[in-house]
Amino acid sequence: MLIRYFPFLSWIRNYDRSLLYGDLIAGITVGIMLVPQGMAYAMIAGMPPIYGLYASLIPPFIYALTGTSRQLAVGPVAMDSLLVAAGVGALHLAGIEDYIAAILFLTLLIGGVQLLLGILKMGFFVNFLSKPVISGFTSAAAILIGLGQLKHILGTEFEQSSKIHLLIGNIVGSLGEINPYTLIFGVLAALVIIILNRVSKKIPTPLLMVVLGILIVSIFGLDTLGIRVVGQIPKGLPAFQPPPILWDRIGQLLPIAITVALFGFMESISIAKTVEERHPEYELDANQELRALGMSNILGSFFHSFSVSGSFSRTAVNDQAGAKTGMSLIFSALLVAGVLLFLTPVFHNLPTVVLGAIIIVSVFGLIDLKYPMVLWKNRKDEFLLLVATFLMTLFIGLIEGILLGVLLSLLLLVYRISNPHIAILGRIKGTNYFRNIDRFSDEVEIDPDKLILRFDAQLYFGNKDYFKKQLYKQIEKKGIGLKVVVLNAEAINYIDSSATVMLERIILDLREKGIKFLIAGAIGPTRDILYSSGLIDVLGEENLFVQTFEAVDGCFDQQERSMIQKRVSLQSKSKSL
């Protein structure tokens, strides 16, 4: 049980120098990335940059002890920061102190939701976030993040908004205040980042740009030209302090907390699963991942951290740099602690335009154009779902966009299972195999007096009327020569009470018309329902077959079978005479 809740115990016992070297190199590399990224993502969340370093300190350490992934790099990420900013920004709080207090309380709520879901083993909730919804939301959020950071590139001030039409209006309204020096600096910084990223992914571009930015501002005194700098950063580690409990805001913050908790977990588990495929030495536990993220956020909120989750870019770097265990996260947290203790004065002249350029370049890489094109070619319904989520996120709001996207995906699921695939089967010539007559029209034989139908879904109240309508439509096509209807039930794994009543009525109705109703290929759970519901008494056990060909070949009643046997015996006797 200890290992289940503290997975580090499974690898710490065998820890040696061979693991230490890879973890140390990976931890230093990720820590170097964390410093500029953490400060930049704090700005997305509307927080002072120092809070990004606080979020890079305690949460990774806690996750290293409690998480089941040994390569997942937990810390501040762009999407969580934007969701937090959009949710808390909508409260229109009076000042920065109230804003920070609300975010720290929100982080506590987010961790509490994740921990509770993990304890209740509700990790499967993440399955409700389908890939089209995630892709549409991520692309829209990347655009909103990029546009929101233009104030640092332009050197202007404008009100942030999670609605693109309002945000663009605010940007246009601030164009008269552009600082040309900031604009030139920002464009050049973005170009340098893009070029260095294309030269080699191994170059620590964000850190290099931070160093160059500080040096350029310090040497040439660009802060006197209106280029904004980070300014004084508090020195030292964050003090232990419980986050303020805002009972009067809990009704407004709880929906935001649930949204960020689920999205952050989805983001983390999808990244962790991708990395796990290359590391068969351990297995992920989705519920423990929820608990680990929950504890990271809860304890982080006591040390001035905002919401954290798994980072794709830092996880990739952590894995490629040789991380073997959670010690790499501990080493990265120690590096951040060293920065907080000794190097905060160095960041005084860090231009915010450089952080803005880092954010813009990184988030626009999240805009996925290939996946929508694949959906357009192969899955038009999921393409429309992606586009709808994208547009709703842009024009209605971030949290509203993802929630409505999930709702639409569930409605699409309900539509699919309410209108499932139905196949009319025919026998492959010379065999006992039956296939869809539309797909194998040249290879199948069709009996005019038999209708063989396969229903590819469970039968329940939502699709029973569709089943009945399609069945009678096919019966009508067959005409008066139809004698037998065979339901191939191989794909039916459940029949609810409403569908049971419907089947009973169909069997009795067809019997009155002189048409037999047979069921073939029913799996164990379905057969159990046929017996427990009493439907077998209406159907008759003799009309329940294991395989379709048995139903087709044995669809005569006992009287008809005896008559056929007599006929066969008479024919054999006449031949012998």
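## Briefing: charged pairs, buried residues and a nonpolar patch

Arginine 228 counts as partly exposed, because its relative accessibility is 34%. Its partner in a salt bridge is glutamate 157, with N and O 3.2 Å apart. Please keep in mind that this is a predicted model.

**Salt bridges**

- Side chains of opposite charge can pair when their charged atoms come close.
- The structure holds twelve salt bridges.
- The bridge between arginine 228 and glutamate 157 links distant parts of the chain, with the two residues 71 places apart. Arginine 228 sits in the loop between helix 12 (205-220) and helix 13 (250-276), while glutamate 157 sits in the loop between helix 9 (150-154) and helix 10 (164-173).
- Glutamate 157 has a relative accessible area of 47%, so this residue is partly exposed.
- Aspartate 447 and lysine 450 also meet through their side chains in a salt bridge, at 3.7 Å from N to O. Aspartate 447 is partly exposed, with 33% relative accessible area, whereas lysine 450 is buried at 14%.
- Another salt bridge joins lysine 513 to aspartate 509, and their closest N and O atoms are 3.4 Å apart. Lysine 513 counts as exposed because its relative accessibility is 52%, and exposed means over 50%. Aspartate 509, at 23%, is partly exposed.

**Buried residues and what they touch**

- Tryptophan 11 belongs to helix 2 (residues 8-12). With a relative accessible area of 5%, tryptophan 11 is buried, since buried means under 20%.
- Which residues does tryptophan 11 touch, not counting those up to four places away in sequence? They are Ala64, Arg70, Thr325, Gly326 and Met327.
- Tryptophan 11 and threonine 325 are 314 residues apart along the chain, yet their C-alpha atoms are separated by 7.2 Å.
- Serine 309 is part of strand 2 (residues 309-310), and its relative accessibility of 0% makes it buried.
- The side chain of serine 309 makes a polar contact of 3.0 Å with the side chain of aspartate 80. Leaving aside neighbours within four places in sequence, the residues in contact with serine 309 include Ala73, Val74, Gly264, Glu267 and Leu293.
- Threonine 526, in helix 23 (residues 524-532), is buried too, at 2% relative accessibility.
- A polar atom of the threonine 526 side chain lies 2.5 Å from the backbone oxygen of isoleucine 492. Apart from neighbours within four places in sequence, threonine 526 is in contact with Ile492, Asn493, Tyr494 and Ile495.

- Helix 8 (residues 131-148) is mostly covered, with 17 of its 18 residues buried.
- How does the span of helix 8 agree with 1.5 Å a residue, and what is that span? Its 18 residues should span 26 Å, and the end C-alpha atoms are 25 Å apart, which agrees.
- Helix 11 (residues 180-199) is where leucine 191 is placed. Leucine 191 counts as partly exposed because its relative accessibility is 43%.
- Leucine 191 is one of the residues that make a nonpolar surface patch of about 630 Å².
- An α-helix has 3.6 residues a turn, so residues three or four places apart point the same way.

Definitions and conventions. Residues numbered from 1 in each chain as written. Predicted model: local features only at pLDDT ≥ 70, side-chain atom pairs only at ≥ 80, totals over all residues. Heavy atoms only, no water. Patch = residues over 30% accessible without salt bridge, like charges linked within 9 Å, V, L, I, M, F, W, Y side chains within 5 Å. Areas by Shrake-Rupley, 256 points an atom, 1.4 Å probe, with all protein chains shown as cover. Salt bridge = Lys/Arg side-chain N within 4 Å of Asp/Glu carboxyl O. Helix = DSSP H or I, 4+ residues; strand = E, 2+ residues; numbered from the N terminus. Buried < 20%, exposed > 50% of the residue type's maximum accessible area, 1.4 Å probe, protein only. Contact = heavy atoms within 4.5 Å. Polar contact = N/O pair within 3.5 Å; in protein donor to acceptor, adjacent residues only side chain to side chain. Expected span 1.5 Å × (residues − 1).
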